[in-house]
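Here's a quick tour of the model, starting with a helix and moving on to a sheet, a side chain and the confidence scores. Have the structure open as you read.

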Amino acid sequence: MRLLKLNNNGGFSLDTFKTTIPPYAILSHTWGSDSDEVTFKDVVDGTGKNKAGYQKLVFCGGQAKSDGLSYFWVDTCCIDKSNLNELTKAINSMFRWYQDAARCYVYLSDVSVRTQDGQNTHIEWESSFRNSRWFTRGWTLQELLAPKIVEFYSRDRVRLGDRKSVDEKFRWAEKRQTTEEEDIAYCLLGIFDVFLPLIYGEGRKSAERRLRKEIEEPRNSKLPPPDRKSVYIMPFERNLRFIGRESELSRIEKLLSQHGQTTKVAITGLGGVGKTQLAIETVYWTIENQRDCSVFWIPATDPETLLQAYSAVAEELGIPGRDEQGVDVKRLVQNYLSNESAGQWLVVFDNADDMDMWMGEPSERQSNRLLDYLPKSRQGSILFTTRDRKVATKLASQNVVEVQEMNSEMALKLLQKCLIGDDVAACQTDTETLLAQLTYLPLAIVQAAAYINANGTSIADYLSLLNEQDESMIELLSEDFEDDGRYRNIKNPVATTWLISFERIKQRDPLAAEYLSFMACIEPKDIPQSLLPAGPTRKKEMDAIGTLHAYSFVIRRPADFVVDLHRLVHIATRNWLRENGQLVYWTEKAILRLEQVFPDDTHTNRSIWRTYLPHVRVVLQSDLVQKHPKKKMDLQWRYGTCLDADGRWSEAEIAYSQVLEMEKKEVGVEHPSTLTSMANLASTYRNQGRWKEAEELDVQVMETRKRVLGAEHPDTLTSMANLASTFWNQGRWKEAEELDVQVMETRKRVLGAEHPSTLTSMANLASTFWDQGRWKEAEELEVQVMETRKRVLGAEHPSTLTSMANLASTYRNQGRWKEAEELEVQVMETFKRRVLGAEHPSTLTSMANLASTFWNQGRWKEAEELEVQVMETFKRVLGAEHPSTLTSMANLASTFWNQGRWKEAEELQAEEKEEGRWKEAEELEVQVMETFKRVLGAEHPSTLTSMANLASTYRNQGRWKEAEELDVQVMETRKRVLGAEHPSTLTSMANLAFTRKGQGRDEEAIKLMDKCVQLTTRVLGSSHPHTLSSLDALD
């Protein structure tokens, strides 16, 4: 309790008393406006003398001094109203404070006894006395009834005089008024001697209803009258909102029921998970079921609190010698309970988190261990609650009960019990989302309900606050609230609970605190232990992770060598770092560590980079760090290349764009590194089918390199080859060919005919010939490339094998199946067994090529076996949504589809088999199409190809309408994206003509196919396979 004291200089000071309170006077008055009253902060700061309310302090201090009292109490400045916890405690204590006061001075600011001529006129002031505002205010009712002596004073400090069932007391309050409507009920708390949590915003009726319920209803949570030998020291009533935890309760009860020695059990778990509530429920179970058992509840938050609790136990038990000076009260209680005559007992040590308090400081472990003060008796049991699993095992050995977050069902019931009037079923989606956001943590749920109740908000409103930013969430998690099942002198918020644990970790295991700070700056899930900074020794590292695990801050997954940091702990720790000016420092540490360990995009590093990618993303998104721009840029570059290699082109685009902007500022637009970044960005555009954007960048890079490096520089030639590739993808064969020839000839002259780059340019030119149906020219170049690579690089070099695969593809397109198959088998076996391994993307591609050759020969089973193997491996290695995986699924669908053309004259059984094949094909094609749409976009070439495949399946099932809709959509999109004369556009035109033919719309089909033939002849040439195929169809 805080009391005011009048200083010798006429000022005021505040003194705080915890136990023995000196005699004091107390002021009863009505408030003016908030700006007129002297506040707690004013007294602390020495301000407020110019406020109107200052005269009340002067009056009360002077009158108290006249009555021989050194201290006095005024509500405006003895309560810190900015602290809701303190305010709630004060309101619930107010009646007792007035009751215990030596005198109560009622200061009537609206009553004066002096006229203008300074005379006392009793008749004139009596009327204003009866009509004084003081008699209408709700809070002054208890101030009238509670004190022993009440004296009334006018505003001119003249003494005016001194001062006749539940419903009667309610009627006293009926005509009184309060600033907040709920206060008309709250002001009666002391009169009825009850405690009630304050819920401003609930309304007067609700507050009065809760007050009546607290007064009138018999509480089954009250302690039963103890038996003659039983003693109960229990600060908490039973929690009527307690729910679930049946398995934990059952195990605790079973362990505590063991006899023959002192049973010790520890409840452990994350702060806020409900350990204390579980212990409270255990106590009431014990009282109900073991009436001869005494119960002693001892808070173990700190040595002082614990000593006070031991003194209370000694007092309650009447232990002789307890009041002697210098006596060791803990030893007295231990000896008393260790005597069998003490009977059956249960001691609960709540919040036993401080390892040093229990085990002693390392230098004092033989003389100052609280562990040595524990009583021992065959009839006794000890229950601990602790956030630290290591403390739990020290105190209770194997009798440790771990408490986890609630399941969704129990969390929902808890929320329903805590909310006033809200129907959670009516907002089920918001409720489920809220509980998930709060990770089903009981304290967070109770805290959220308290906020919703107090502010009259909805679940949706609270959820929107949580989702705004980390700062908003931590503000909510830091909001204090009243909870009957928690200590009055300890702040209740979730965030505060964890910060207490964090402070303990810092003291006991500095490396663990460093790891927690580091983890707060990266993604909280799937944190590889290899990513954490190195400790002094491997054992120290393991101990540090063990400490965080002991506090339930992290979950260890030993099989994967990763840990998960609790989501809300992650946010709370970030906030602590921010408030203490350490967030920038630890974010820098995270960037430097990731730059050190994040690998390049080599295939063999894929599992490593995939584990690190989410953490790199988090640190790169932070704009806190301005130092180490080069390291941050290098990390961003590698991040982009790995995303690129993983087929995550839209994300790679963002990374490359950011690197490009950084390099433009750091080294300039024409620096080689900047141009390389531009080329990479163009590559991601190309992979996304955004040809125009790719072309613009390719041209810019090429022209700049020509000017800066020269026309024959290797980098310039590479940029020309990239531009040729962009032309090639748009079906602009002539332009692609011109550039390919130029690059090839220049490289021959500058680098030599057998240089790897020269051979690559020859292969590119062969590919351009290939796409124009110029098989012989393509074959000649490919044979030359293959033979040269064999001689220069070796027969098993990946580049040699790639050239063999290219040649096989040319054979396949000429219908030379056997030659294609021989080469493809050789490539596949070499890749698989001797060079890259069975799961390398190049190996899988070679298997897909061989499947395609089987497919073209009608060897469906062999093709299907390979395609299934390829698809499943791609799924496992690259992921279900990687473009290569989707392509393999499309290939398998095509194989199913083509098996639908078997033996058309087969019996009904065979036809049923065909029906099954169509279904499998359709299901795969729909899956591929939808995934391509989501991953690559609705207009990406691969998406359009998958749509065309699905249309083909509909066509072969005679589902003409569905086929036509897709065919038209594909053709129109390709016209807009690729151009009216692109080979892919012409293919989609031919497909639509086939669909219309199948619908019996012959005239439209012939007209469309005729146009297709004309365009194909002009674009690809009269001898191109596509042209010849279209002509055959027209005939």
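## A mostly covered helix

Helix H30 is mostly covered, with twelve of its 16 residues buried (under 20% relative accessible area with a 1.4 Å probe, protein chains only; exposed is over 50%, partly exposed in between). Among the buried ones are Leu-675, Met-678, Leu-681 and Tyr-685. Helices H28 (629–645), H29 (649–666), H31 (691–709) and H32 (714–729) are included in what covers them.

H30 runs over residues 672–687; at 1.5 Å a residue it should span 22 Å, and its end C-alpha atoms are 23 Å apart, which agrees. That expected span is 1.5 Å times one less than the number of residues. After H30 comes Gly-689, with a positive phi near 75°.

## Ground rules

This is a predicted model, where local features need pLDDT of at least 70, side-chain atom pairs count only at pLDDT 80 or more, and totals for chains, interfaces and linings use all residues. Residues are numbered from 1 along each chain as its sequence is written, and side-chain values use heavy atoms, leaving out hydrogens and water.

Helices (H or I, at least four residues) and strands (E, at least two) are DSSP runs numbered from the N terminus.

## The six-stranded sheet

Six strands make an open sheet in the order E8-E10-E11-E12-E9-E13, paired in parallel (a pair needs at least two DSSP bridges). E8 (232–233) and E13 (400–402) sit at the edges with a single partner strand each, so one side of each has no neighbour in the sheet. Helix H13 (residues 303–317) packs on the sheet, touching E8, E10 (294–299) and E11 (345–350), and its direction makes about 155° with that of E10. Axes here are lines fitted to C-alpha atoms, for helices over the stretch in contact, with angles from 0 to 180 degrees between N-to-C directions.

E9 (residues 263–268) and E12 (residues 380–386) pair over six bridges, and Val-265 stands opposite Leu-383 in E12.

## A buried glutamate

Glu-143 is in helix H6 (residues 140–145) and counts as buried at 5% relative accessibility. Its side chain makes polar contacts (N or O atoms within 3.5 Å, one able to donate a hydrogen and the other to accept it; sequence neighbours count only if both atoms are side-chain atoms) with the side chains of Ser-28 at 2.5 Å and Tyr-98 at 3.4 Å. Residues that Glu-143 touches (heavy atoms within 4.5 Å) include His-29, Cys-104 and Trp-134.

## Confidence

The protein averages a pLDDT of 80 (the predictor's confidence in each residue, from 0 to 100). Residues 164–172 stay under 50.

Methods. Lists of a residue's contacts leave out its neighbours within four places in sequence.
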